[in-house]
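The structure is shown first, and the description follows.

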Amino acid sequence: MNIPASLKIQLIEAKANYMVSQNAIPSRKHLGGSLPYVFTEHGVPSLSGVLKSSKAAEVHVKIMRAFVEMRRLILNNAQVVARLDSVERRQIALESETEKNFEKVFQALESAEPSKQGVFYAGQVYDANVFVSDLIRSARKSLILIDNYVDDSALTVLGKRVEGVTALIYTKSVSKQLALDLKKYNQQYPAISIETFTEAHDRFLIIDGANIYHIGASLKDLGKKWFAFSKFETGAVDMLNKLGGR
């Protein structure tokens, strides 16, 4: 019987020797020394056309039953894989939804409005600095600090602003040390501008040109003594106009 090439493959040396060692096929010598051919999965049914004995027929039936069982196992496993894939997709969707919920919580926390007024007492250095730092981080466009007693600590606090937010300081004088600190800071970080302004007594922080916080202590003295803070509901535009019209 001429078996098509697509229904058979020739064993390699190692496979042939292994099958001989397992008594699956006769010795290589018995086969004339050549490497034998074996049927592929699709070629196995062709045995019935080659072997005509009753034993061959019995073997053929067992082979076909084995194929039926193999296909059943494959089908069952495919269903299991499909179920697992469905579970995995639901799990991924659940994790994605959970991440979205966490993101909403984080956004709500980030957008939570700082306190509008309050008092910090002597020794609350950390708490006061955290409060002002949160004000700095709340800005989305611009920050203007009016403070007559500025040093490098103001640069550090303003350095906590988010990317793209401009920063401008108005102070009554710029010392050589402050000018040097500012130059070094601007060489490494997003620039902060400083202008002299002698008409203010109190400290103010203008956020995004809309919100004004009156702060009773200079940034360098936060928490060292009692000080109060409060948010102005109006007046930001008027203050900006006066600053710009000097």
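## Packing of the predicted model

The secondary structure of the protein chain comes to seven helices and nine strands, in what is a predicted model. Of the 246 residues in the chain, 29% are buried, and among contacts between residues at least 6 apart in sequence, 64% join residues at least 24 apart. The chain exposes about 16,600 Å², of which carbon and sulfur atoms supply 57%.

In soluble globular proteins, nonpolar side chains tend to be buried together. Here the largest nonpolar core has 31 residues, and the members that touch the most others are Leu143, Ile169, Ile192, Leu205, Tyr213 and Leu222. At least two residues of this core come from each of several elements, including the helices α4 (125–138), α5 (152–158) and α6 (176–188) and the strands β4 (142–146), β5 (166–171) and β7 (203–207). The largest share, five residues, is supplied by α4. A second, separate core consists of twelve residues, among them Ile146, Leu168, Ile206 and Leu243. Beyond its neighbours within four places in sequence, Leu143 has contacts that include Ile136, Leu158, Val165, Leu168, Leu205 and Ile206.

| Pair | Geometry | Centre to centre | Angle between planes |
|---|---|---|---|
| Tyr170 and Phe197 | edge-to-face | 5.7 Å | 65 degrees |
| Phe204 and Phe232 | edge-to-face | 6.2 Å | 70 degrees |

Phe204 belongs to strand β7 and Phe232 to strand β9, so their pair ties together parts that are 28 residues apart in sequence. The pair of Tyr170, in strand β5, and Phe197, in the loop between β6 (193–196) and β7, likewise links distant parts of the chain, 27 residues apart. Tyr170 is buried, with a relative accessible area of 6%, and Phe197 is buried at 9%. Phe204 is also buried, with a relative accessible area of 14%, whereas Phe232 counts as partly exposed because its relative accessibility is 32%. Apart from these two pairs, Phe120, Phe131, Tyr213, Phe227 and Phe229 form one aromatic cluster.

On the surface, Val119, Tyr121 and Trp226 form a nonpolar patch with about 360 Å² of accessible area together. Tyr121 is found in the loop between β3 (117–120) and α4, and its relative accessibility of 40% is why Tyr121 counts as partly exposed.

A backbone feature remains to be noted: Asp208, although not a glycine, has a positive phi of about 55 degrees. Asp208 is placed in the loop between β7 and β8 and, at 24% relative accessibility, counts as partly exposed.

How values were computed
Residues numbered from 1 in each chain as written. Predicted model: local features only at pLDDT ≥ 70, side-chain atom pairs only at ≥ 80, totals over all residues. Heavy atoms only, no water. Core = buried A, V, L, I, M, F, W, Y, C linked by side-chain atoms within 4.5 Å. Buried < 20%, exposed > 50% of the residue type's maximum accessible area, 1.4 Å probe, protein only. Helix = DSSP H or I, 4+ residues; strand = E, 2+ residues; numbered from the N terminus. Contact = heavy atoms within 4.5 Å. Patch = residues over 30% accessible without salt bridge, like charges linked within 9 Å, V, L, I, M, F, W, Y side chains within 5 Å. Areas by Shrake-Rupley, 256 points an atom, 1.4 Å probe, with all protein chains shown as cover. Salt bridge = Lys/Arg side-chain N within 4 Å of Asp/Glu carboxyl O. Phe/Tyr/Trp six-rings, centres within 6.5 Å; stacked < 30°, edge-to-face > 60°.
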